[in-house]
Amino acid sequence: MKSGQLLNQVELVRALTLETFDSLTEEMADIIPAGFNNNIRWNLGHILIVQDQLAAQFASIPAQLPIDFMTLFGNHTSPRDWNRQVPTLEQLANELRNQVGHIRGHLENRLEEAARKPFKRLDYRMETIGEILAFSLHHEGLHLGVIGSLRKAIQSGSY
């Protein structure tokens with residue numbers, strides 16, 4: 001896949017993520033329906049920090065997000081443990097929009113470059129920045145699916 005194609009996919013997947021903000025309220029974003037571990041706000045923040053961390057760890061791009069995003073949206077965190085102000089939906093949407101330009105600007109000509117270290121999942125190794133960026137689309141898509149399920153549960157009143 002050519003770098004332009006992969007970066008276009010990044011933009012497409014992010015546009016789909018940004019569609020989740022349509023008719024989403026601050027209240028809806030914080031509901032954790034029965035059977036779920038997190039809420040929509042957490043999933044949106046998690047998409048942000050994983051993309052930021054992958055870029056920082058494997059492509060040596062400076063992290064762009066506030067440090068407290070990791071404690072709010074990192075692996076093994078939960079909105080049930082939040083005891084401080086969290087980013088608004090507008091802040092999250094702005095960060096998600098800005099991140100795409102940041103990635104394009106820093107990685108456009110580096111996708112075939114070897115990553116600072118291989119990224120490993122199961123028995124698979126991703127060796128290039130482009131391979132890791134492509135994997136991040138899978139991650140974002142998974143969380144988009146969760147967001148869709150959360151939205152359906154909230155709209156049906158199943159919480």
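Here are some friendly questions and answers about the predicted model shown above.

The model is predicted, so local features need pLDDT of at least 70 and side-chain atom pairs count only at pLDDT 80 or more, while totals for chains, interfaces and linings use all residues. Residues are numbered from 1 along each chain as its sequence is written, and side-chain values use heavy atoms, with hydrogens and water left out.

Q: In what order do the elements of the protein chain run from the N terminus on?
A: Helices (H or I, at least four residues) and strands (E, at least two) are DSSP runs, numbered from the N terminus. The protein chain has six helices and two strands. From the N terminus on, the order is α-α-α-α-α-β-β-α.

Q: What is the radius of gyration of the protein chain?
A: The radius of gyration is taken over C-alpha atoms, and the globule rule is 2.2 Å times the number of residues to the power 0.38. For 159 residues that rule gives 15 Å, and the protein chain comes close to this, so it is as compact as a globular protein of that length. Its radius of gyration is 16 Å.

Q: Are helix 3 and helix 6 roughly parallel or roughly antiparallel to each other?
A: Axes are lines fitted to C-alpha atoms, for helices over the stretch in contact, and angles run from 0 to 180 degrees between N-to-C directions. Helix 3 (residues 40-59) and helix 6 (residues 129-155) pack at about 175°, with axes 9 Å apart. Angles under 35 degrees count as roughly parallel, over 145 as roughly antiparallel, 65 to 115 as roughly perpendicular and the rest as oblique. Helix 3 and helix 6 are therefore roughly antiparallel.

Q: Is Thr 128 buried or exposed?
A: Thr 128 lies in strand 2 (residues 124-128). Buried means under 20% relative accessible area, exposed over 50%, and partly exposed in between (1.4 Å probe, protein chains only). At 18% relative accessibility, Thr 128 counts as buried.

Q: Which residues is Phe 135 in contact with, leaving aside its neighbours within four places in sequence?
A: Phe 135 lies in helix 6 and, at 23% relative accessibility, counts as partly exposed. Contact means heavy atoms within 4.5 Å. Leaving aside those sequence neighbours, the contacts of Phe 135 are Phe 119, Arg 121 and Met 126.

Q: How far apart in space are Phe 135 and Leu 54, C-alpha to C-alpha?
A: In sequence, Phe 135 and Leu 54 are 81 residues apart. In space, their C-alpha to C-alpha distance is 9.9 Å.
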